Amino acid sequence: MTNLAALASLAALLIVAAWGDIKAHRIPNWAVFGGVGIAGVLAVLPGGIGLDSALAGLAVGLVPTLPFYFLRVMGAGDVKLMAAVGALLGYPSA
């Protein structure tokens with residue numbers, strides 16, 4: 001179960017990603033990697049989802065979208081964003 005801090009971080013990450021994508025057609029790496037870092041910290045805090053769940057969520061967000069990157073259907077920023085979203089939500093929520 002995700003907690004409120006993770007959902008607030010997810011909302012902030014998605015707002016920054018959408019803003020960057022609209023303005024510059026790029027999702028900032030600092031936002032994506034910052035989201036993954038925040039997900040890792042929140043996962044190990046008391047009441048967090050656990051690091052194993054966050055890493056599994058990251059994999060669930062990353063692995064299915066990688067073929068779309070290789071086929072040039074999605075950009076690398078989109079793939080990294082999905083991985084960060086998965087890390088914040090954890091497994092099986094991702």
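The dialogue below goes through helix packing, the nonpolar core and some backbone details of a predicted model.

Q: At what angle do helix α2 and helix α5 pack, and how far apart are their axes?
A: Helix α2 covers residues 29-44 and helix α5 covers residues 76-89; they pack at an angle of about 20°, with axes 8 Å apart.

Q: Are α2 and α5 roughly parallel or roughly antiparallel?
A: Angles under 35 degrees count as roughly parallel. With an angle of about 20°, α2 and α5 are therefore roughly parallel to each other.

Q: What is the handedness of the crossing where α2 passes α5?
A: The crossing is left-handed.

Q: Which residues of α2 meet which residues of α5?
A: From α2 come Asn 29, Val 32, Phe 33, Gly 35, Val 36 and Ala 39; from α5 come Lys 80, Leu 81, Ala 84, Ala 87 and Leu 88. Sorted by class, this contact has eight nonpolar residues, two polar and one charged.

Q: How should I read a nonpolar core, and how many residues has the largest one here?
A: In soluble globular proteins, nonpolar side chains tend to be buried together. In this model the largest nonpolar core has 13 residues. Those with the most contacts inside this core are Leu 10, Leu 13, Ile 27, Leu 81, Val 85 and Leu 88.

Q: Which elements give two or more residues to this core?
A: They are α1 (4-24), α2 and α5. The most come from α5, which gives six residues.

Q: What does Ile 27 touch?
A: Leaving out residues up to four places away in sequence, Ile 27 touches Ala 17, Asp 21, Val 32, Gly 77, Asp 78 and Leu 81.

Q: Now the backbone. Which residues other than glycine have a positive phi?
A: The general idea is that most residues other than glycine have a negative phi. Here, His 25 has a phi near 60°, and Arg 72 has a phi near 65°; both values are positive.

Q: Where are His 25 and Arg 72, and are they buried or exposed?
A: His 25 is in the loop between α1 and α2 and is exposed, with a relative accessible area of 67%. Arg 72 lies in the loop between α4 (66-70) and α5; Arg 72 is also exposed, at 78% relative accessible area.

Q: Is the peptide bond from Tyr 91 to Pro 92 cis or trans?
A: Most peptide bonds are trans. The bond from Tyr 91 to Pro 92 is cis, with omega near 10°. Pro 92 is in the segment after α5.

Technical notes: Residues numbered from 1 in each chain as written. Predicted model: local features only at pLDDT ≥ 70, side-chain atom pairs only at ≥ 80, totals over all residues. Heavy atoms only, no water. Axes fitted to C-alpha atoms, helices over the stretch in contact; angles between N-to-C directions. Helix = DSSP H or I, 4+ residues; strand = E, 2+ residues; numbered from the N terminus. Parallel < 35°, antiparallel > 145°, perpendicular 65-115°, else oblique. Left-handed = near helix turned anticlockwise from the far one by under 90°. Contact = heavy atoms within 4.5 Å. Nonpolar A, V, L, I, M, F, W, Y, C, P; charged D, E, K, R; others polar. Core = buried A, V, L, I, M, F, W, Y, C linked by side-chain atoms within 4.5 Å. Buried < 20%, exposed > 50% of the residue type's maximum accessible area, 1.4 Å probe, protein only.
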